[in-house]
Structure formats: structure tokens, C-alpha cells
Amino acid sequence: MADIKILRSRLGIIVTFLVILTVFSSASAFLVSKNKKNLTHLYNEEVKLFAKLSTRAIVQSYELYFDSGFLKFEETTNEILDQNKSIKKVEIIDTEGKVLYSSDKKTDGTTLPAKDMDTIRSLSPSYVLSSTNRIETIISPYVEDWGAHKYSARYFISEDVLDKELRLYRNEVFLSSALLFFASVFPLVFINHLKDIQVRKTDSERLQKLNKQKDDFMTLVAHNLRTPISIMKGYTNLAEEQTLKGIEKEYIEAIKDGADRLNEATETILSVTSLLSGESIRKEKVNITKITEETLNSSSVKIKEKKLKIDFNKENVVEATGSMKYLRKAIECYVDNAIKFNRERGSIEIIIQKSNKSINFKVKDTGIGIKEEDIAEIFSSFHRSVENTLDYDYAGLGMGLYLTKTIIEAHKGTVWVESEYGKGSTFGFRLPVNG
Ligand code: ADP
């Protein structure tokens with residue numbers, strides 16, 4: 001339930017995230033393209049103005065110094081050109097289209113093609129634009145004070161400066177929108193996270209409440225079953241004392257067997273609910289080896305029926321501290337299952353070890369094993385593998401392992417299982433020595 005709500009809110013946040021991302025990237029792209037036009041326009045105006053203002057100075061310097069003091073002329077021209085980094089070259093051209101001087105010395109003495117003659121003779125400036133509307137060249141006429149027009153200056157504009165500015169601008173826009181994007185998404189993620197925590201909290205509270213209701217219900221049912229079960233047991237015991245024969249004896253035995261099973265189930269339920277609600281565990285000395293031996297002895301009929309080989313060293317006495325009643329139940333569960341789910345002529349190995357810190361108990365069988373997907377759930381309540389239940393005709397509630405886990409955990413220990421499907425299983429528990 002919580003997961004669906006959280007998944008839904010995660011989906012919501014992803015969609016919002018995508019919407020914000022789209023809005024920010026379109027806004028940035030729009031800003032960049034709009035300002036590209038503005039910046040290009042400004043840049044064009046700047047070089048136009050520069051050409052207009054510098055032509056007079058360059059041409060006058062040419063007239064004054066070109067022949068008599070070329071170095072002085074070149075120095076003045078370079079100083080003027082240095083004022084605008086976008087100008088990569090300047091030429092001085094006469095009205096016949098002949099290039100009298102070029103700042104890179106490459107086009108000196110060449111003549112402009114006939115198609116450019118009109119522009120070179122015009123009294124107003126002319127511009128050549130690139131495909132992106134940037135000015136590539138400017139022809140700026142030099143008109144002397146008394147109206148004569150003998151020279152023009154032609155400026156070649158480099159694209160590098162504008163490109164650099166555009167690049168800078170684009171990076172700034174994208175960086176600021178990325179910052180804005182994170183600034184707006186962060187609170188969203190944070191709020192969503194808080195919501196997730198709230199959903200989880202509410203759901204876990206609800207689950208705890210439901211669990212408590214379930215435990216209370218089970219305790220109530222189990223308690224109420226105790227009296228009718230003891231009545232059934234009492235009467236069947238009485239009936240058994242009569243000399244019954246044939247079918248009547250069989251009926252009474254079946255009823256008695258049913259009552260025993262019911263009794264076992266109610267006692268298990270009552271033990272689990274009592275342990276889960278914090279029953280304090282007794283701290284008595286428990287001889288684990290002895291309990292195991294007694295369990296094997298009481299199962300000797302089933303062991304013989306199945307012709308099982310038992311490998312158990314009863315000389316290795318290991319003692320633990322805890323509740324004799326409960327630890328016996330845990331051991332009985334492991335041993336009973338190892339018998340119940342074993343194959344004919346299989347074997348059971350029981351190993352009990354004690355170290356400074358812990359007591360390790362394990363039961364290894366050569367039975368049907370457990371499927372990998374069932375292992376994680378095996379210790380939870382009412383878990384029974386459907387296949388096992390169908391193949392093996394046995395009585396069981398699926399509460400034994402759950403009770404064992406509850407008992408061992410109440411003793412501050414841990415349970416574990418290893419199994420290979422079709423080959424066998426090993427169930428174990430570990431108890432702290434000073435538990
Ligand atoms: P029950 O035996 O009453 O069904 P348990 O809690 O003891 O309940 O066991 C739960 C399930 O775990 C069993 O039904 C069986 O499918 C599986 N299981 C337990 N012990 C073994 C084992 N030794 N080998 C194979 N399967 C086992």
C-alpha cells in the first residue's frame with residue numbers, strides 16, 4: 001500500500017521534474033536565440049561606428065606619412081585598429097579600386113573587381129553581410145572637407161569576438177537556468193521525501209495495529225478452543241478405557257488424534273503471541289544435548305518407519321541458559337521437520353557446538369529440500385510449500401518454524417537455513433552463551 005502511494009508520488013515528481021526541465025531548457029533556448037540577434041545587431045552597430053570614426057584618421061595619416069614616414073603611418077594605423085579587436089584588416093583604396101595599402105600587406109597593389117566600382121565611388125558607406133547577418137566587410141568613403149572623394153577604407157571584420165561573446169552568453173544562460181532548475185527542484189524532492197516518510201509511518205502504524213489485532217484475535221480463538229479441546233480429550237480418554245473394538249476404536253483414535261493436533265496448534269499460537277507480546281524468558285540451565293536425545297527417542301517410531309540413519313553424538317554435552325520449555329519446542333520443530341521431509345533411508349546429522357560466545361545447533365537432512373524462492377519466507381507464519389503439502393501427507397499448521405524463530409529471537413539468538421532443492425536442508429540456530 002505504502003509502496004503504491006510512494007510509487008505514485010515518485011511518478012508525480014518525475015513528471016514535474018520533466019516539465020520543469022522542459023520549461024527551463026525552452027526558456028534558455030529562447031533567450032539565447034533572441035539575444036543572439038540583439039548581440040549581432042549591437043556588434044554590427046559597433047563596427048559601423050568604429051569604421052565611420054576611424055576612416056578619417058587612417059586616411060589622413062596615409063596622406064601625411066605614407067610616402068615620407070611609412071613607419072609613423074603604420075604605427076598610427078595599428079594604434080587605431082587596436083581600439084577594436086573585431087577589425088582584422090584595413091585597406092586604403094582609391095576611386096579606381098586599387099588597393100594602395102593593406103594592413104596585412106597581402107593585397108597591396110591589387111584592384112577591386114568592376115562590380116565593386118559603384119560602391120567604391122559612392123559617398124556613403126556600404127556593408128557586406130554574412131548569412132548570419134553579421135557584417136563581414138565595410139567600405140567607408142573618406143570625403144575631404146571641401147567635398148572631394150579620393151579614398152575609401154575597407155575594413156575586414158573577424159567573427160571571433162562576437163562568437164566568443166555569444167558563447168559566453170550562452171554558457172551564462174545555461175548555467176543560471178541549471179542553478180534555477182536545481183533551486184526549484186530541490187524543495188520539491190525534499191517535500192516529496194517528507195511525504196514518503198509520512199506515508200511509510202502511517203502505513204507502518206496501520207500494519208502494527210493490524211498485526212496487534214490479528215495477534216489478539218488468535219489469542220482469543222486459541223483460548224476459547226482450550227476448553228472444548230480438553231473436553232474432547234477427556235471423553236476420548238474415557239472412551240479408550242472402555243474395551244472398544246474395530247471401527248469404534250478407530251473412530252475414537254481419530255478423534256483423539258484430531259484433538260491432539262488442535263491442542264498442539266492452540267498451544268503454539270498462545271506461545272507465539274505471548275512471546276511476541278514480551279513474555280520474559282526464564283533463565284535456567286538447559287541441557288541441549290539431552291533435549292535432543294529425548295526428542296529423537298520420542299520420534300523413534302517415525303525414524304524406524306522411514307529407516308533413517310541418525311548421526312548424533314550424545315556424549316558431547318552442551319548447556320545453554322534459557323527456557324527449557326521453549327528451547328525444547330525449537331529443537332523438536334527442527335528434528336520433526338528433518339524426519340517429516342526426509343526420504344526413506346535418508347539420514348539426519350545433528351551437530352551441537354559451543355564456543356566462547358555462542359552455542360550453535362544444526363540439523364542436516366537428506367530430504368526434499370526447499371526451493372530458492374521459498375527460503376526467504378520459510379520462517380514466516382503459516383508458510384507451507386504447496387508442493388510439499390501435496391506430496392507429503394502430514395499434519396502441520398506452518399507455525400513450527402515461526403514459533404522456533406520467535407523462541408530463538410526471544411533468547412537473543414538467530415535462526416538460519418541452507419537448502420538445496422531435491423537434496424536436503426540444514427536448519428540451525430545460534431544462541432549467545434550468556435543469553
Ligand atoms: P509445518 O511443518 O507445520 O508445515 P513448519 O513451520 O515447521 O510448519 O514448516 C513450514 C514449511 O517449511 C513446511 O511446510 C515445509 O514446506 C518447509 N520445511 C520445514 N522444514 C523443512 C525441511 N527440513 N525440509 C524441507 N522443507 C521443510
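These are my notebook entries on a predicted model of one protein chain.

**Ground rules.** I number residues from 1 along each chain as its sequence is written, and side-chain values use heavy atoms, with hydrogens and water left out. Since I have a predicted model, local features need pLDDT of at least 70 and side-chain atom pairs count only at pLDDT 80 or more, while totals for chains, interfaces and linings use all residues.

**Overall look.** I started with the secondary structure and got 11 helices and 12 strands in the protein chain. Both are DSSP runs numbered from the N terminus: helices are H or I with at least four residues, strands are E with at least two. Next I looked up the radius of gyration, which is 49 Å, well over the 22 Å that the globule rule gives for 435 residues, so the chain is more spread out than a compact globule. (That radius is taken over C-alpha atoms, and the rule is 2.2 Å times the number of residues to the power 0.38.) The C-alpha trace spans about 150 × 45 × 40 Å along its principal axes.

I then checked burial: 37% of the 435 residues are buried. Here buried means under 20% relative accessible area, exposed over 50%, and partly exposed in between, with a 1.4 Å probe and protein chains only. For contacts (heavy atoms within 4.5 Å), I took those with a separation of 6 or more, and 67% of them join residues 24 or more positions apart.

**The sheet.** I traced an open sheet of 5 strands in the order β7-β9-β10-β12-β11, with mixed pairing. Two strands pair if DSSP finds at least two bridges between them. At the edges I have β7 (309-312) and β11 (414-420), each with a single partner strand, so one side of each lacks a neighbour in the sheet. The twist averages 10° from one strand to the next. At the β11 end, the pairing with β12 (residues 424-432) is antiparallel over 7 bridges, and I noted W416 opposite G428 of β12.

Helix α8 (residues 324-340) packs on this sheet, touching β9 (347-354), β10 (358-365), β11 and β12, and its direction makes about 25° with that of β10. Axes are lines fitted to C-alpha atoms, for helices over the stretch in contact, and angles run from 0 to 180 degrees between N-to-C directions.

**A helix pair.** I looked at α5 (residues 246-276) against α11 (residues 400-410): they pack at about 35°, axes 10 Å apart. On the α5 side I listed T268, S271, V272, L275 and L276, and on the α11 side Y402, L403, T406, I407 and A410.

**Positive phi.** I found K105 with a positive phi of about 65° although it is not a glycine. K105 sits in the loop between β2 (99-102) and α3 (117-121), and is partly exposed at 44% relative accessible area. R345 is another non-glycine residue with positive phi, near 60°. I placed R345 in the loop between α8 and β9, where it is exposed at 59%.

**F17.** I ended in helix α1 (residues 2-65), which holds F17. F17 is partly exposed, at 32% relative accessible area. Leaving out residues up to four places away in sequence, F17 touches F181 and V185. I also checked F17 against Y169: they are 152 residues apart in sequence and 25 Å apart in space, C-alpha to C-alpha.
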